[in-house]
Amino acid sequence: MLNRRGFITQSALATGSLLLSSTIIKAADLYDVPRRLTILHTNDVHSRIDPFPMDGSRNQGLAGVASRAQLIRQIRAQEENVLVLDAGDIFQGTPYFNIYKGEPEIKAMSAMGYDAATVGNHDFDAGLEALAMQLERHASFPMIICNYDFSGTPMETKYQPYKIFRKGGLKIGVLGVGVELQGLVPENLYGATKYLDPVQQANRTAATLKAQNCDLIICLSHLGYRSSANRMSDLVFAPQTENIDLIIGGHSHTFLEKPEVVKNKNGEDVVINQVGWAGLQLGRLDFIFEKRRRKTLVGSQAIVVSKKTEI
Amino acid sequence: MLLNRIRLALFATVFFASCQTVQVPVKADYAGYRITDSLPKDASLVAMMAPYRDSVDKSMNIVIGMLDKPLEKRQPQGALGDFMADALYYNAKKKFGVEPDLAVVNYGGIRLTQVPAGLITRGKVFELMPFDNLVVLQQIKGDVLKQFLDHTAAAGGWPLAGVSMKIENKKATDILIKGKPLDLDKTYNLINSDYVANGGDNAAMLKAIPQQNIGYLMRDAIFDYIIALKAQGKNISVTEQKRVYAQ
């Protein structure tokens with residue numbers, strides 16, 4: 001490899017014509033335009049199709065899929081590279097779910113152009129067969145989760161451990177992790193689903209994504225932001241991970257005032273964000289990328305998080 | 001020949017540039033958009049949801065009662081949870097034919113954070129208790145009940161009816177069941193949800209205790225309680241009692 005590099009460098013020097021160097025500069029200029037990715041996200045929407053009713057409650061007039069859809073459409077028109085993600089618990093919470101078992105929720109998400117979602121504990125509430133059926137019939141996005149093994153269940157062919165998205169010259173890897181089912185979800189609902197260690201599975205999956213040269217690795221998490229008694233949560237999970245840059249969280253219905261930045265096991269930054277529940281908010285993160293030499297990378301990754309000035 | 005070398009050099013330069021450098025995320029700007037009904041709407045979504053909405057509204061907008069004071073979901077004790085525990089407790093005798101000692105609802109099973117005063121619709125009760133959880137009777141010995149109440153204390157306090165207790169160092173103390181101190185050897189009639197009785201919300205100590213299950217939905221217990229209050233000429237309200245309190 002070194003010899004070949006030497007040869008090429010020499011060749012380039014030897015033939016260093018004006019034409020060539022200006023071509024290279026042009027190519028480099030093009031390459032140096034900072035790449036951007038806009039991530040829009042929700043979690044724990046819990047079947048909130050309509051805004052909260054005008055009945056004097058705290059959230060009256062807030063949320064609703066039609067307004068969210070329009071906002072997503074508007075941002076897509078302004079930004080070139082957009083990913084729309086959900087961190088689980090799509091189902092349960094309004095009569096829509098009691099009556100239709102998830103059909104309008106999945107149809108609305110597909111219409112809004114969601115790129116991926118993960119599985120929350122309440123997505124089991126109508127049973128695995130109902131979940132699989134709604135996904136089969138109405139989902140235009142994948143369910144991504146790497147620590148549930150659905151082998152031998154109706155969900156067997158309806159999920160994947162990760163997906164790679166290509167946006168404007170960037171490769172973005174998305175994986176997902178779910179919460180421990182035993183003691184939370186009734187056994188008759190999760191059936192033969194096996195819960196696997198989220199740290200182990202996420203690190204294994206993220207390593208696969210890194211090996212495929214992903215520029216950004218996102219973990220959709222339904223572990224919950226913080227948990228008592230050392231139970232698994234994003235704040236316990238993130239410091240044990242490698243290669244994950246961003247955790248889009250859910251389960252605990254946490255409204256983070258700003259994204260939290262913690263260090264992973266190699267001292268690199270992991271950004272964690274979560275936007276409450278019910279679709280009261282649509283979260284947005286605009287990532288800016290920089291070109292770096294590969295060898296200077298290890299242990300040096302820092303992500304500066306700041307409030308977006310113009311909305 | 002020269003042209004070929006130039007081509008090779010050019011290709012190699014571009015190739016190595018992309019191979020030895022990578023794109024790394026260095027900055028993330030965040031924003032949170034509040035979604036409100038007054039924002040512009042996507043017409044196609046409105047149209048797509050319309051048939052679902054019409055039929056949901058038809059069955060769910062029926063007014064079933066009137067609430068006097070707002071009910072809040074709170075720990076260690078809150079009126080919304082108290083109301084749900086009262087509903088379970090109230091219907092127990094008629095449904096199971098026994099005198100209940102206590103009723104419990106897991107805190108996570110309260111699915112609204114608040115119910116404002118005013119007219120209550122059928123849909124509101126579905127939102128408060130969307131799960132098809134069933135009411136069950138468990139006959140539980142005092143010592144296991146103590147473990148279970150400790151579990152609720154460690155979780156910050158769960159809604160209870162028929163009980164008062166203090167939370168001290170994440171344990172239940174000063175426990176009174178219908179006004180009498182907890183007897184570790186006595187057997188109590190616990191009115192519970194099948195979800196918690198099956199070990200849900202990490203209540204593993206209840207799993208082995210047999211359940212009497214008559215297929216009675218928790219949600220129906222709430223409806224029946226509201227109907228019963230109405231029959232007594234009462235609006236929806238909660239008996240104000242000190243039930244679960246911190247040290």
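Which residue in strand 1 of chain B is the bridge partner of Val304(A)? In this predicted model, the partner of Val304(A) is Lys27(B). This report describes the sheet to which that bridge belongs, then the contact of the two chains, and finally chain B itself.

Strand 13 of chain A and strand 1 of chain B run parallel and are joined by four bridges. Both strands belong to an open sheet of six strands with mixed pairing, in the order 3(A)-2(A)-1(A)-12(A)-1(B)-13(A). The edges of this sheet are formed by strand 3 (116-117) and strand 13 (304-307) of chain A, each of which pairs on one side only.

**The contact between chains A and B**

On the side of chain B, 55 residues are in contact with 79 residues of chain A.

| Element of chain B | Residues |
|---|---|
| Helix 1 | 2-20 |
| Strand 1 | 21-34 |
| Helix 2 | 43-60 |
| Helix 4 | 122-128 |

Strand 1 of chain B provides the largest share of this side, with 14 residues. By class, the side of chain B that touches chain A consists of 31 nonpolar, 14 polar and ten charged residues.

**The form of chain B**

The secondary structure of chain B comprises seven helices and 14 strands. The C-alpha trace of chain B spans about 100 × 45 × 35 Å along its principal axes. Its radius of gyration is 28 Å, whereas a compact globule of 247 residues would have a value near 18 Å. Of the 247 residues in chain B, 40% count as buried. Among contacts in chain B between residues at least 6 apart in sequence, 78% link residues at least 24 apart.

**Two crossing helices in chain B**

The axes of helix 3 (residues 79-96) and helix 7 (residues 218-231) of chain B come within 8 Å and cross at roughly 80 degrees. An angle of 65 to 115 degrees counts as roughly perpendicular, and helix 3 of chain B and helix 7 of chain B are therefore roughly perpendicular to each other. Residues that meet here include Met84(B), Leu88(B) and Tyr90(B) from helix 3 of chain B, and Ile222(B), Tyr225(B) and Ala228(B) from helix 7 of chain B. The contact of these two helices has nine nonpolar, one polar and two charged residues.

Note on methods:
Residues numbered from 1 in each chain as written. Chains lettered and ligands numbered in written order. Predicted model: local features only at pLDDT ≥ 70, side-chain atom pairs only at ≥ 80, totals over all residues. Pairing = 2+ DSSP bridges. Axes fitted to C-alpha atoms, helices over the stretch in contact; angles between N-to-C directions. Parallel < 35°, antiparallel > 145°, perpendicular 65-115°, else oblique. Contact = placed C-beta atoms within 7 Å. Nonpolar A, V, L, I, M, F, W, Y, C, P; charged D, E, K, R; others polar. Rg over C-alpha atoms; globule rule 2.2 N^0.38 Å. Buried ≥ 20, exposed ≤ 12 C-beta atoms within 10 Å, placed from the backbone.
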